[in-house]
Amino acid sequence: MHPLPFSHTWPYEVQGKDIYIEECPFCQQEHVLTNMKQKDVKRAKEQFKVRVNMPCCHTVMTIVEADDDYFWADQPLRG
């Protein structure tokens with residue numbers, strides 16, 4: 001698989017057992033608590049697709065991989 005471009009990335013944070021996105025890439029809502037669990041992040045790091053329904057705007061982000069700082073989505077998230 002060829003590497004995904006940086007435009008497909010979005011930063012995330014882990015606080016305790018919660019997974020936050022500082023700003024939603026779709027509606028720009030700030031400090032969004034996702035419905036993700038730690039096992040979902042682990043699966044994304046193992047390159048399993050994980051779907052996240054953003055609670056702020058109900059848009060679905062499909063994460064195809066993750067590292068310790070960024071989610072890598074199947075679509076561009078930045079301009």
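**Strands, core and cysteines**

I begin with a hairpin, in which three residues join β6 to β7. The model is a predicted one, in which local features need pLDDT of at least 70 and side-chain atom pairs count only at pLDDT 80 or more, while totals for chains, interfaces and linings use all residues. Residues are numbered from 1 along each chain as its sequence is written, and side-chain values use heavy atoms, with hydrogens and water left out.

Helices (H or I, at least four residues) and strands (E, at least two) are DSSP runs, numbered from the N terminus. Two strands are called paired if DSSP finds at least two bridges between them. By that rule β6 and β7 pair in the antiparallel sense, over three bridges, and Ile63 stands opposite Ala73 in β7.

On its other pairing, β6 meets β5 in the antiparallel sense over four bridges. There, Arg51 has Thr62 of β6 as its bridge partner. The hairpin of β5 and β6 has six residues between the strands, and His58 in this hairpin takes a positive phi near 65 degrees.

Let me turn to the core. A nonpolar core is a set of buried Ala, Val, Leu, Ile, Met, Phe, Trp, Tyr and Cys residues joined through side-chain atoms within 4.5 Å. The largest one has 18 residues, and those with the most contacts inside it are Ile21, Met36, Met54, Met61, Ile63 and Phe71. Two or more residues each come from β3, α1 (38-45), β5 (50-53), β6 (60-66) and β7 (70-73). The largest share, three residues, is that of β6.

Met54 deserves a separate word. Contact means heavy atoms within 4.5 Å. Neighbours within four places in sequence aside, Met54 is in contact with Ile21, Cys24, Pro25, Phe26, Val32, Thr59 and Met61.

Next comes an open sheet of three strands, ordered β2-β3-β4 with antiparallel pairing. Because β2 (13-15) and β4 (30-33) stand at the edges with a single partner strand each, one side of each is left without a neighbour in the sheet. Strand β3, residues 18-23, is joined to β4 by three bridges, and Glu23 stands opposite Glu30 in β4.

Thr9 lies in strand β1, residues 9-11. Thr9 counts as buried because its relative accessibility is 0%. A polar atom of the Thr9 side chain lies 2.7 Å from the backbone oxygen of Phe6. Residues up to four places away in sequence not counted, Thr9 touches Tyr70, Phe71, Trp72, Leu77 and Arg78.

Finally, the cysteines. How many disulfides are there, if a disulfide is a pair of cysteine sulfur atoms within 2.5 Å? The count comes to zero. For Cys56, the closest cysteine sulfur is that of Cys27, at 3.5 Å, which is too far for a bond. For Cys57, the closest is in Cys24, at 3.8 Å, again too far for a bond. Cys56 counts as partly exposed because its relative accessibility is 30%, and Cys57 is partly exposed with a relative accessible area of 24%.

Key: Buried < 20%, exposed > 50% of the residue type's maximum accessible area, 1.4 Å probe, protein only. Polar contact = N/O pair within 3.5 Å; in protein donor to acceptor, adjacent residues only side chain to side chain. Disulfide = S-S within 2.5 Å.
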